[in-house]
Amino acid sequence: METSEKFDLIFSEVAEMLSEVAECPVNDVKIDSDLPNELGINSLMGLEILVMIERKYKVKLKEEDLVKMTTPRIMVEMLLPHIQVAVA
């Protein structure tokens, strides 16, 4: 799987998680959406997303990484090196 395909797949999965927690349509989650200002993601919601990511991808992220994850693009870029995506 090429990096761009892997990026797109992870983004779509992260967007689903964000839309679930923010209680908004998944189409409202854009690659450069500002999580706190555009989607209303607060720190407690961020921790919930962090747990969802850790469970889904079986990775361990530091809570301090959470403050750096201000857009879906940044989230995916931080996750890419840690995630192996199986080819369907």
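Student: What helix does Pro36 lie in?

Tutor: Pro36 lies in helix α2. Helices here are DSSP runs of H or I with at least four residues, numbered from the N terminus. This is a predicted model, where local features need pLDDT of at least 70, side-chain atom pairs count only at pLDDT 80 or more, and totals for chains, interfaces and linings use all residues. Residues are numbered from 1 along each chain as its sequence is written, and side-chain values use heavy atoms, with hydrogens and water left out.

Student: Why does Pro36 count as partly exposed?

Tutor: Buried means under 20% relative accessible area, exposed means over 50%, and partly exposed is in between, with a 1.4 Å probe and protein chains only. Pro36 has 43% relative accessibility, so Pro36 counts as partly exposed.

Student: What does Pro36 touch, not counting residues up to four places away in sequence?

Tutor: Pro36 touches Ile41 and Thr70 on that count. Contact means heavy atoms within 4.5 Å. Pro36 and Thr70 are 34 residues apart along the chain, and their C-alpha atoms are separated by 7.4 Å.

Student: Why is Ile10 called buried?

Tutor: Its relative accessible area is 0%, so Ile10 is buried. Ile10 lies in helix α1. The C-alpha atoms of Ile10 and Met52 are separated by 13 Å.

Student: How do you know that the span of α3 agrees with its number of residues?

Tutor: The expected span is 1.5 Å times one less than the number of residues. For the 15 residues of α3 that gives 21 Å, and the end C-alpha atoms are 21 Å apart, so the two agree.

Student: Which residues of α3 are buried, and what covers them?

Tutor: Met45, Gly46, Ile49, Leu50, Met52, Ile53, Glu54 and Tyr57 are buried. Their cover includes α1, α4 and α5.

Key: Helices (H or I, at least four residues) and strands (E, at least two) are DSSP runs, numbered from the N terminus.
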